[in-house]
Structure formats: structure tokens, C-alpha cells
2 protein chains.
Amino acid sequence: MRKIALLSFAVVALIGGLLFALGVRAADDPLPSWNDGAAKQGIIKFVTATTTEGSPTFVKPEDRIATFDNDGTLWVSHPLYAQAVFALDRVHVLAAKHPEWKGQEPFKSVLAGDREAMAKFTEGDWAIIVAATHAGISNADFIEVVKQWLGQARHPRFERPYTDLVYQPMLEVMDYLRANGFRTYIVTGGGQEFVRVFSEQVYSVPVEQVVGSSIATKYAYQDGKPILLREPKIFFVDDKVGKPVGINLFIGKRPYAAFGNSDGDREMLEWTGAGDGARLMMLVLHDDATREFAYGPANGLPDTKIGTFSQALMDQAKSQGWTVISMKDDWKQIFPWDKKPD
Amino acid sequence: MRKIALLSFAVVALIGGLLFALGVRAADDPLPSWNDGAAKQGIIKFVTATTTEGSPTFVKPEDRIATFDNDGTLWVSHPLYAQAVFALDRVHVLAAKHPEWKGQEPFKSVLAGDREAMAKFTEGDWAIIVAATHAGISNADFIEVVKQWLGQARHPRFERPYTDLVYQPMLEVMDYLRANGFRTYIVTGGGQEFVRVFSEQVYSVPVEQVVGSSIATKYAYQDGKPILLREPKIFFVDDKVGKPVGINLFIGKRPYAAFGNSDGDREMLEWTGAGDGARLMMLVLHDDATREFAYGPANGLPDTKIGTFSQALMDQAKSQGWTVISMKDDWKQIFPWDKKPD
């Protein structure tokens, strides 16, 4: 009897100890929304390799740079890029001052809500829309317009503000990297000023760490005060081959980690991977139609032309040792407001 | 006798105490190379106003941005900009591969050392020289070339490396601002990559805080590895109206303090001064021919076309409350290696 009692006590203590250990482990897990797997382990291995003093792949804190694409990597980009929705919404708002738009393409199709016609818009059509909706006002006024829009706009499927549609697992990666001395930069094909409006609040990324596409601005005076006037002229395209160019221009250091989700991120990952030492290159694959979206050739699905992940990119990822993140398999939770994982 | 001895003791103690107090005070002086005066007091007043909690002009640490022009503000720009000397030196080096240059302007005059002809070079001539000396190689190779040049080149008057010719009082201002939570950016009309080569070592300014002029770079492959190839094409001119544009593009926040020395800095100071709260705008006046140089219309001297400080700029400084720093009167010491002030 006494022996059994002692044994029971020992078992209880053992289980208690185990539970305690597990509890501590869960609290210490920097990536709780990630399922255990190659992707999660790859991130942890990279951080350990670059931040452990004495490690042959140790990186000085001032060189710890990680770059993140935005659309489709940090937040939802389907069925349409948020910034494209913003531009189309803005055509409706500005139409009151432009009665001629009713008979003038591409505005006519936008105002008529003709989805079929809009789906066929060329780059030239979009350039006209961007010029009409993103230029002709001061940068300060533009920021206010974007702020207002972000407060009102709702995603058609999730019926939430776009700034709610950020991926919890990626927020955890950013936090984890920052906690380990990395600076996290956004390197987006989207508009630099557009993304700056919410980067601090949503991603804890200050505006000076947002690298993006931009239109020209011009120093001018309004009521005797200097302003920066947005001009209808492309200044820099931070996409594809533009991403390494933008990284060098704005940061001047090669990233140690880069995260993308589409063919637009190929060169950023190549550039990152071409550096010495430990480097981390990751691509988010949208393969979860239930919780988010599934699309693109790399999934064996049609190319929706928004955030295309081609088979060629998938092949390159395999040959160069880049890690593909499966939303379906690697992520326990998609959005911060999603039900927590069990 | 005893009384006198006691008195002596008291006097010695008093003097000792005073000396000790003075010693402490000198050690605490964040700007020891500055003479007491409006300029020094203006800097200290600004830092106090922006960093004292509860002050109506308190600035959150993340918004504490200070911008510094480089040529003539942080280091010597006379008799010629260092980067122009670099370009001319490089023409000589590259001439071996370009026998045709001997008969071809503007190279012919450079190779002949024809100072009179060089003084008359147009912007077009300089553009040809920049294209020949700054482009056609990878960015990584360019950085190596600049490093080598900086190690070898000597200033004609001071017979020291250009990186020795930085102003001790301005180094103190940068240190003082950083110690108070400001981030110090260089905003230069000079080449961004050129200045990045020495910004960290000389000014403790990391490369990502150097905003400058740039030529276009192109993503390309060399021996199967990606490179950024420098192209003979101007991308961005970070001078005059370009400075506020560059500040917004690279930093996205309006500076609270801006330092310049020439007409090229006018818009940067205007842009800074147009913000709310406490702002500090300063211009270095080169009026010390003995210890450095004296030049320019604002001194009543001829315009040497390098770092022009016009009378119009001086008038604007007065009307807008910008502080003019007299090298002669405000600075006890010019260079870090100068004899220390008494």
C-alpha cells in the first residue's frame, strides 16, 4: 500500500513536471500559429544560426535585415489587391468632379461596375486610373485619403477592414525576428506611401522601413507653405528586378531573410540567397481555399494574374533550397481574429 | 598665523571645489568644440525642448529625425568636391583602357591636367565624366574602387585623407543628437553609394541612413550570380528641390533639425521649418580662411560655384529664423586632429 502510494506520488509528480515543462515550452514558442514542420523549423534554425555568438554564421546586429513582400505575403491580395480596390473606389468618389468620365474609358467601365471589362484592363488602363486617383494632390492629403478609405473599406469575402486581413503566422515571424535583433522591412510592389499609412500600426514596421513603388513627387508651394505634390508619373517600380534595386537603394545591405509569395519576389529571393552564410528564403503558397484562397499554377490551379506563383518559381524554389510555406499545412491559424488553434 | 593658515586652507578648498565643478561641467559639455554663443545655445535649447517629457514641444523618439548635408556641412568641399576629385583621378586610371580619350573632350583636358579648361566644364561635361567613372561596373565593385581611392587620395592643402577633413563640432552635434534619441541622416547632393562607403566609419551613420543622388542600377547576372550593374543614367538628384523629395522618399518623416551650408540646402531647411513645434535649421558659413576656407557671396567674397552660400540664402535665413554658424566665431576647433582648444 505504502509502496503504491509512493509510486502514485511519483507518477503524479512526473506528469505534473511534464505538463509544467510543456506549458513552459508552449509559452516560449515564438511561432505558436505554426504547425511543426520544415517551414517552422527552418525559421528557428535560421535565427539560431545567425544570432548565436561564436556560430560560424553569426551576423552582427546592424546587418540583420529581413525583407517581406506585402500583398499575398503579409496580407490578403485576393480577389483584388487592396490598392486596386482603393483606386476603383476613388474613381467613384472623384467622378462627381469629372462628369466626362461617364463616357470615357477606362473610367466608364469602372463607374458602370462592368467587371468583365475591368478584368480585361491593360497596364495602360491601370496607369490612367492610378494617375487619376493617386496623383494631383499633396502627399499629406493623399495619406489622409488612404486613411479614410482603410477605415471604411471592407473585404468582399471576409467583410472586415483590409488591415484585419494580415496573416497571424507572419506577424509572429516578424516579432520573432525583431526580438532577435533583426530589422524587418516591407519590400512591396505596391505603393510605398499607401503601405506606409498602416505599416506601423499593423506590422510594427516604421514608415522608413517601407520600400515600395512610387510616383514622382515635386516640391511646390501652396498658400506660401512647401508641399510635396504627387505627379502622374511613375518614379520607381519595386517589383521583380526592381526589388533588389530597391533594397540596395533604400537599405544598402543585402537581406539575410526574404519572404514572398509570387513571381514578383523571385529576384528578391535570388539576391538574398546569393549572399554568404546562413540565409532564409521563403514563399507563401496560397493553397487553402477553406480558410483563405487557393490559386495559381504552382497549385495546379488557374493563374488569376494576381500574385502568380508559377510552376517555374516552384521549380526554382526546389533547386535553390527555398522553403515553400503551405498555408493549409503549415499554419494553424490564418488571421489574428481567427479562432485560436486547439 | 593660525588664522591665516586656516584661511589659506579654506581658499585652497574653495578653489579646488571650483576647479572640480568646472571640470565636471566641461566633461558634461556635449559640444566642447563650440564657443558659447547663439549657435551652441540654439542647439542645446532645441534638444531640451524636444526631449523633455511634458514639454509642449516634446517629440516622440521614433520621430526624432535630424538631417545633415555632407559637402561643406560635415566635411571640406574646397577647392573641389571630393567626389569630383575621385572622378578626375579615375579618368587617369581608366585612361589606360581608353587610348581614344587623349584626343577626346572632356577627357583630353583632364588627362592634360588643364585646370583652366576643367574650370569651364559644363554640366554635360561632368555627366560624361560621371558616366565613364561611376557606371559600367557592379555596385559591389564600385564600392571597392571608392574604398581604395579614399585610402590613397590626399587633400591638396591639408595633405590628409578626405575622411580626416570632417568638422569636429558637427561630429559633436551628431553625437549629442543621437545621445538624445535622434536618428542622424545624411542628405547629400553627392552620390549615395560614394558617401555610404565611409558614413559608418566617419560619422557613425549606417548606410541605410544615407540619402543621396544616384544613378540607375540594373539587376543582371555575372557568372550565374546576380549583380547590380551601375548604368550611365541619372536616377535621382538629391539636391535643392530634390532634398525634401528624397527625405520623404527615404525617411517618410519630416526632420526636426536640418543642417546645411549652401543654396542646395535651402529647400531642406524650408521643409524642416514648415513643420510644427520646435525645429532647428542651421547653415555653416565658411568664413575662416586661416583654419579652413572663406568663400561665397554671403561673406562678401567671390562665388566659387562650389557650395554657394548666396546673399539671398542669407536673407532668407534671417527672415525665417535659421541660425548661421560662423566657423571663425562659433568653432573652437575645426578638425578632430586639430590642436585642441585651450
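Among contacts in chain A between residues at least 6 apart in sequence, 63% join residues at least 24 apart, two residues being in contact if their C-beta atoms, placed from the backbone, lie within 7 Å. The model is a predicted one, in which local features need pLDDT of at least 70, side-chain atom pairs count only at pLDDT 80 or more, and totals for chains, interfaces and linings use all residues. Residues are numbered from 1 along each chain as its sequence is written, while chains are lettered from A and ligands numbered from 1 in the order in which they are written.

Chain A holds 13 helices and seven strands, taken as DSSP runs (helices H or I, at least four residues; strands E, at least two) numbered from the N terminus. The C-alpha trace of chain A spans about 95 × 45 × 40 Å along its principal axes.

The contact draws 25 residues from chain A and 25 residues from chain B. On the side of chain A that touches chain B, β3 (210-222), β4 (225-236), α10 (242-250) and α11 (266-273) each supply at least two residues, and α10(A) gives the largest share, five residues.
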